[in-house]
Amino acid sequence: MVSTDGVSRVAKGERKPVGLIKGETLQGNPLDIVDFKGKVVVINVWGSWCPPCRAEAPYLNKVAKEMKPKGVQFIGINTRDNDRSLPIAFEEDFDISYPSLYDPEGRIILSGFPKGTVNLQGLPATVVVDRNGKISARQFGGVDDSRLRKMIDPVVKEG
């Protein structure tokens, strides 16, 4: 990964596939990333207790709505929240428009990403997966709409 402006990017020929990212959403519905093959997928790992996660939520939601017509799917992975009501309240507070997997112990994160891609101790983290299911960009820490577009736009343009 080449890191510039805080975003780590991977050249198209060097990307590694994302692993098994599936489970139950906060609302109890099944979700599997393979259902979004052919779309650019933005995965945001967050916790309701995390101040930077709260700060970035409006930007994630805004860009998710703007990018949906371009074939971009956002998915959250909520982690380290042992009581499901807390992240559900978070989603309601910020009117989040996309689903989040419930992963209180980080099992999905550990099996879904190559080692070093996401750090459970350092939330939030945002990962962009290309249309072929490979990791193209990653950002540790909070993002705003400008940074999100810098991560997503090049991958959308790949066609």
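A salt bridge is taken here as a side-chain nitrogen of Lys or Arg within 4 Å of a carboxyl oxygen of Asp or Glu. The model is predicted: local features need pLDDT of at least 70, and side-chain atom pairs count only at pLDDT 80 or more, while totals for chains, interfaces and linings use all residues. Residues are numbered from 1 along each chain as its sequence is written, and side-chain values use heavy atoms, with hydrogens and water left out.

The count comes to 8 salt bridges. One of them joins E66 and R149, 2.4 Å from N to O. E66 belongs to helix α1 and R149 to helix α4, so the contact ties together parts 83 residues apart in sequence; helices (H or I, at least four residues) and strands (E, at least two) are DSSP runs, numbered from the N terminus. K62, E66, D145 and R149 are linked in a network of salt bridges. E158 and R15 also form a salt bridge, with their closest N and O atoms 2.6 Å apart. R15 has a relative accessible area of 9% and is buried, whereas E158, at 30%, is partly exposed (buried is under 20%, exposed over 50%, partly exposed in between; 1.4 Å probe, protein chains only).

Together with F94, W46 and F90 form one aromatic cluster.

Definitions and conventions:
Rings of Phe, Tyr and Trp (its six-membered ring) pair if their centres lie within 6.5 Å; planes under 30 degrees apart count as stacked, over 60 as edge-to-face and the rest as tilted.
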